[in-house]
There are 2 protein chains.
Amino acid sequence: MELKKLGEFGLIDRIARLASRKHPSIIQGIGDDAAVLRLTEKESLLITTDLLTEGIHFETSSTTPYLLGKKSVAANLSDIAAMGGTPLYYVVSLSIPPRTPYEFIQKLYQGMRAQAQQYGAALVGGDTTASAAPITISIALMGTARTGTVLYRHGARRGDAVYATGFLGDAALGLLMIQKGKALSGRNRLIRRHLDPVPRVEEGKAISRLRLASSMIDISDGLVADLRHILEQSHAGATLRLSRLPLSAPYKKLCKTFSDDFYVPALCGGEDYELLFTVPPRKRHAVETWARTLTIPITHIGEITGNSGKLKILDDRDREVAISKRGFTHF
Amino acid sequence: MELKKLGEFGLIDRIARLASRKHPSIIQGIGDDAAVLRLTEKESLLITTDLLTEGIHFETSSTTPYLLGKKSVAANLSDIAAMGGTPLYYVVSLSIPPRTPYEFIQKLYQGMRAQAQQYGAALVGGDTTASAAPITISIALMGTARTGTVLYRHGARRGDAVYATGFLGDAALGLLMIQKGKALSGRNRLIRRHLDPVPRVEEGKAISRLRLASSMIDISDGLVADLRHILEQSHAGATLRLSRLPLSAPYKKLCKTFSDDFYVPALCGGEDYELLFTVPPRKRHAVETWARTLTIPITHIGEITGNSGKLKILDDRDREVAISKRGFTHF
């Protein structure tokens, strides 16, 4: 069987089965945003890794090495954020063509440092190889968390409310704009959101520390795909309401110019790096109180149901819609 | 400036300068075999990462996916061994063409698992991308060590003896044999040493625990290059004696058929993954006693001198020789 047919998630499942899980210190191995490893009685080590490949995850023609560095660290920070952890250290493996100017590497690392320092993480090691194209950036990032407040993909229960931080779909719409020939400029918020996403590290820590959520994940694959990860691991279902999706003003203004369907970028677009979390009824009030202290929206977008594995999406007249490759269809 | 001109070690220096080093918990950042990070009062976390790229570090035509998996983990285990640490967890980032058969991945991970399990390390996470060639395998491995017994590249002092584990140059000679058309077979120990190196994890732990050494490194770049790393960081010089180099029986038998110079593979060939360490005079006896308990040789190959940065290589008549690209020349 070729990898192509197996698909990314099929492959992850199989690799997880190949992984040994015998250490008593492994609280969570493969299968969540980061691994969770018991360090001391109350403290755990978190580890995540992300690989960015030229031609798949980025094009050097549409970003800058500085922003590429920032984004490659942001993707890893977002995974630690999704567990409620505090980032600490990272290592970088880089495979890069020998003719690359040194300035490219310099800006790349400056971008990584700028992003990491903002959240207190330090570069502690790496490996660099001169190789044929494509450029490959592999980062492993470690953090810590109090074991008792780590948030997983499992844990969502029927009746919990589904919340998301920030706005959804901006990054996907930004990518569509780049693909249609638009370039980054100071005024273009959507392209900026694609090239320079903000990991929700502080928000993730607060959600964990305040014990607001029953489960959490970062939205890297897209709202629907990432919510499905929560549903699978929580053995639950969910209802999402299109009318509640947090859409930014530029999204509302420009979406129809660049996307055939108004909701698809918000529902299916990846790389927003917002947090998606579920909140038990008795914690709803605390979430709303906390949300008022923030400068980004925290939006109640749906509910967890007992209908295991089933994701129901309702339009503004409460009619169920289905997502297909071409957008939405009504049942 | 192009990367090509800067060279690998020039680039590492510059990246190290770009790295922030503000955490009080960072005992050792970039610049040794692994980073050393204070975990608790007495315990440190070690982190290393290695990237293997098809066409640079391996060819799928001359190895098997299983051995490739074993070797990719061995390279990382060897870095932890060189600090005297105990390996614990690893994550794998893989960039692989979509047409790769699943069986390739399966064997690759089986090889990684076989190697890791032997030393107690568990796979806890990863990332996989379908991408254009070449195949890129990036592993980050974590371990622990007692902070007080960690061994660094710095620490060698004038008068210390230089020791190496195992035999040197076998892996380099094995690579030359592959390049001249020889294939792996059960009887070929040299090619086996290139494709399936043994990381000296237990030996590294013993050297650290018994406090036998003043400095240590693994021989991944070649004896001369790695000894130079110790000399630079210890601000010391060294004398090596060709007559003392530990050469295996197959090396002695086959070296002249595959290499123009008899000593170059042992001095300059990489990927032996043996340990190179320096021993203060008062510990020499303890090293010799410990060595008798092992099945691999532990060989005294030279001395640390006060002549900072200077590496003197002596032939069997105590004449100094110089290494050039074409082999040795007498002064």
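**Strand E10 of chain A**

Buried here means under 20% relative accessible area, exposed over 50%, and partly exposed in between, with a 1.4 Å probe and protein chains only. The strand spans residues 274-279, and six of its six residues are buried. Strands (E, at least two residues) and helices (H or I, at least four) are DSSP runs numbered from the N terminus.

I note that the model is predicted: local features need pLDDT of at least 70, side-chain atom pairs count only at pLDDT 80 or more, and totals for chains, interfaces and linings use all residues. Residues are numbered from 1 along each chain as its sequence is written, chains are lettered from A and ligands numbered from 1 in the order in which they are written, and side-chain values use heavy atoms, with hydrogens and water left out.

I then looked up the partners of E10(A). Strand E7 (residues 161-165) of chain A runs antiparallel to E10(A) and is joined to it by four bridges; A:Ala161 has A:Val279 as its bridge partner. Strand E8 (residues 215-219) of chain A is also antiparallel to E10(A), with five bridges, and A:Ser215 is partnered by A:Thr278. Two strands pair if DSSP finds at least two bridges between them.

**Helices H4 and H8 of chain A**

I checked how H4(A) (residues 170-179) packs with H8(A) (residues 249-258): the angle is about 45° and the axes are 10 Å apart. H4(A) is therefore oblique to H8(A). Angles under 35 degrees count as roughly parallel, over 145 as roughly antiparallel, 65 to 115 as roughly perpendicular, and the rest as oblique. Axes are lines fitted to C-alpha atoms, for helices over the stretch in contact, and angles run from 0 to 180 degrees between N-to-C directions. A:Asp170, A:Leu173, A:Leu176 and A:Met177 of H4(A) meet A:Tyr251, A:Leu254, A:Cys255 and A:Phe258 of H8(A). Contact means heavy atoms within 4.5 Å.

**Helix H6 of chain B**

I found seven of the nine residues of H6(B) (residues 201-209) buried, so the helix is largely enclosed by the rest of the structure. The buried residues are B:Val201, B:Glu203, B:Gly204, B:Lys205, B:Ala206, B:Ile207 and B:Ser208. They pack against several elements of chain B, among them helix H2 (65-83) and helix H10 (284-291). Just after H6(B), B:Arg211 takes a positive phi of about 55°.

**The six-stranded sheet of chain B**

I traced an open sheet in the order E1-E2-E3-E6-E4-E5, with mixed pairing. Strand E1 (26-28) and strand E5 (122-130) stand at the edges with a single partner strand each, so one side of each is left without a neighbour in the sheet. The twist averages 20° from one strand to the next. E4(B) and E5(B) run parallel and are joined by eight bridges; B:Ser95 stands opposite B:Thr129 in E5(B).

**A:Lys42**

I located A:Lys42 in the loop between strand E2 (35-38) and strand E3 (43-53) of chain A. The residue is exposed, with a relative accessible area of 63%. Its C-alpha atom is separated by 5.6 Å from that of A:Thr147, 105 residues apart along the chain. Not counting residues up to four places away in sequence, A:Lys42 touches A:Ala145, A:Arg146 and A:Thr147.
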